[in-house]
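Here are some notes to read beside the model. Please keep the structure open as you go through the points.

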Amino acid sequence: MSGSELTFPLVTRRRLVGLAFGSLQSARRHTGSDVAGSRPYRPGDDMRTIDWNASAKLSAARSSDEFLVREHYAEEAPRVVIVCDRRPEMELFPAELPWLSKPAVMREAGRLIADSAQRARGLLGYLDYAEGGAEPFWRAPHSQQDFWRTKESHLQHDAFRAGADNVTLAIHHLIDARRALPAGTFVFLLSDFIEPLDDEAWAEVLEIPWDLVPVVIHDPVWEQSFPPVGSVVVPVLEPASGKLKLLRLSRREAAERRRLNEERIEFLLGRFTAFGLEPVLLSSTDPDEIFRAFLAWAEQRMYGVGVRLS
């Protein structure tokens with residue numbers, strides 16, 4: 001099976017029984033194609049929803065500036081947002097080294113998510129703090145063109161200058177932008193999650209009826225475990241500066257790092273599970289391995305709602 005054919009089903013906990021995504025006219029008023037009615041403009045409304053003809057007629061009748069916005073019935077189709085952690089540490093390891101290249105994993109996982117969203121007839125959004133500034137690069141899910149842009153531009157971007165708290169900032173930004181993200185929106189967080197996330201941000205985002213999916217990118221040698229390099233000088237790369245440094249550990253120190261790494265990944269995955277989330281653990285750049293990890297995630301959700309993959 002070629003890479004372009006690999007997709008996984010987007011299984012939401014809030015799926016409507018017996019109805020596929022995109023096939024239902026909902027009673028909820030939100031983003032959609034079918035007009036439900038009009039109402040007065042409120043601060044924060046999308047300017048694109050203003051009904052200029054109706055607004056002009058009402059303004060003329062009342063001799064004042066009046067604006068009406070169109071409301072649409074929500075389409076029960078998935079909205080998907082990809083959030084990429086672009087701390088300098090996420091730039092490891094260079095492709096020429098025999099260890100996990102996190103940028104390669106992020107690109108492949110993002111491509112797979114984008115293709116799966118497109119196959120589900122959904123819309124795709126993207127967010128990162130790659131340039132390290134106070135404002136993120138943010139594209140809300142609203143156009144079919146976003147699939148191409150995300151795969152060929154956003155995910156290919158080579159900057160990794162985000163601050164240590166960029167995933168926390170991304171969550172806060174999405175919370176502020178939640179008018180564009182209806183209930184059931186899938187939010188895939190691509191990170192190694194080695195930098196702890198703010199508990200307050202987690203508490204707030206878990207109250208929103210989104211489908212939050214942590215995608216944990218961990219090198220199996222250096223992060224999920226640690227090699228027995230006692231009494232051996234090992235060259236290590238400093239992510240912030242890009243400089244190589246020499247590190248010498250005793251056997252006891254190497255064993256302690258292995259223990260701590262194993263405990264950290266166990267705690268991290270356990271914490272996500274305690275939050276009611278189903279994390280996806282990625283430890284390979286192989287597209288087939290990444291696909292199988294997401295397929296296992298979908299199977300886990302399908303079994304949870306009594307549906308089996310054929």
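Why is strand β7 (residues 186–191) largely enclosed by the rest of the structure?

1. Because 6 of the 6 residues of β7 are buried. Buried means under 20% relative accessible area, with a 1.4 Å probe and protein chains only. Strands here are DSSP runs (E, at least two residues) and helices are runs of H or I, at least four residues, numbered from the N terminus.

2. This is a predicted model: local features need pLDDT of at least 70, side-chain atom pairs count only at pLDDT 80 or more, and totals for chains, interfaces and linings use all residues. Residues are numbered from 1 along each chain as its sequence is written, and side-chain values use heavy atoms, leaving out hydrogens and water.

3. Look at both faces of β7. Phe186, Phe188 and Leu190 point one way. Val187, Leu189 and Ser191 point the other way. All are buried.

4. β7 pairs with strand β4 (residues 79–84) in the parallel sense, over 5 bridges. Pairing requires at least two DSSP bridges between the strands. Opposite Leu189 of β7 stands Val83.

5. β7 also pairs with strand β8 (residues 211–217), parallel again, over 6 bridges. Here Phe186 stands opposite Asp211. The chain gets from β7 to β8 through helix α5 (residues 199–205), in a right-handed β-α-β crossover. Right-handed means that, with the strands pointing away from the viewer, the path from the first strand over the helix to the second runs clockwise.

6. Now helix α3 (residues 145–154). Its buried residues include Asp146, Phe147, Thr150, Lys151 and His154. They cover an arc of only 125 degrees around the axis, so they lie on the same side of α3. The arc is taken from the directions from the helix axis to the C-beta atoms.

Notes: Buried means under 20% relative accessible area, exposed over 50%, partly exposed in between (1.4 Å probe, protein chains only).
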